[in-house]
Structures are given as C-alpha cells and as structure tokens.
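These are my notebook entries on a single chain. I set down what I looked up, entry by entry.

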Amino acid sequence: MESPHEQSAKSRERVAFLLLTAVVFPLLTVMIVAGYGFLVWIWQMFAGPPTGH
C-alpha cells in the first residue's frame with residue numbers, strides 16, 4: 001500500500017511531467033526555431049539573400 005505522501009508525490013510528478021511535455025518543451029522548441037529564423041532574417045538583411053552561385 002502507498003502512503004498518502006507517496007500518492008501526492010506521484011500526483012505532483014505526473015503534473016510536472018504533463019506540464020513539461022505539453023507546455024514547456026513545445027514552447028521552447030517554437031522559441032528556438034523562431035529565434036533561428038529571426039537571426040537568418042537579420043543576417044540576410046546585411047549579407048543579402050542566397051544566390052546559388
């Protein structure tokens with residue numbers, strides 16, 4: 001049998017896991033990709049777009 005303390009710890013762990021997988025990691029991924037796109041955009045304003053030569 002699990003004690004009430006163990007049950008509440010498992011519940012908090014489950015909530016933390018769901019928060020990380022459903023909110024934090026996707027948001028972090030979007031921010032990284034958007035930041036990279038922004039850097040490329042700024043770089044191309046000064047260096048010009050790729051020409052393929």
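**Entry 1**

The terms I use are buried for under 20% relative accessible area, exposed for over 50% and partly exposed in between, with a 1.4 Å probe and protein chains only. I note that the model is predicted, that local features need pLDDT of at least 70 and side-chain atom pairs pLDDT 80 or more, and that totals for chains, interfaces and linings use all residues. Residues are numbered from 1 along each chain as its sequence is written, and side-chain values use heavy atoms, without hydrogens and water.

I placed Ile32 in helix 1. Helices are DSSP runs (H or I, at least four residues), strands are runs of E of at least two, and both are numbered from the N terminus. Ile32 also belongs to a nonpolar surface patch of about 610 Å², made together with Leu19, Leu20, Val23, Val24, Phe25 and Leu28. A patch takes residues with over 30% relative accessible area and no salt bridge, joining nonpolar side chains (Val, Leu, Ile, Met, Phe, Trp, Tyr) within 5 Å and like charges within 9 Å. A salt bridge is a side-chain nitrogen of Lys or Arg within 4 Å of a carboxyl oxygen of Asp or Glu.

**Entry 2: The whole chain**

I counted 1 helix and 0 strands in the chain. The C-alpha atoms fill a box of roughly 70 × 15 × 10 Å along the principal axes. I found a radius of gyration of 22 Å, whereas a compact globule of 53 residues would have one near 10 Å. This radius is taken over C-alpha atoms, and the globule rule is 2.2 Å times the number of residues to the power 0.38. Of the 53 residues, 0% count as buried.

**Entry 3: The annotated span**

In UniProt, an unreviewed entry lists residues 15–43 as "transmembrane region"; such annotations may be inferred rather than shown by experiment. I found residues 15–43 to be 100% helix and 0% strand, with the end C-alpha atoms 41 Å apart.

I then looked up Gly37, which lies in helix 1 (residues 4–47). Gly37 counts as partly exposed because its relative accessibility is 37%. Gly37 and Ala22 are 15 residues apart in sequence, and their C-alpha atoms are 23 Å apart in space.

**Entry 4: Aromatic residues**

How many aromatic pairs does a search of the whole structure find? I recorded 1 aromatic pair. The ring centres of Phe38 and Trp41 are 5.7 Å apart and the planes stand at 50 degrees, so the pair is tilted. Rings of Phe, Tyr and Trp (its six-membered ring) pair if their centres lie within 6.5 Å; planes under 30 degrees apart are stacked, over 60 edge-to-face and the rest tilted. Phe38 and Trp41 are 3 residues apart in helix 1, about one turn of the helix.

Key. Accessible areas come from the Shrake-Rupley method with a 1.4 Å probe; for residues, only the protein chains shown count as cover.
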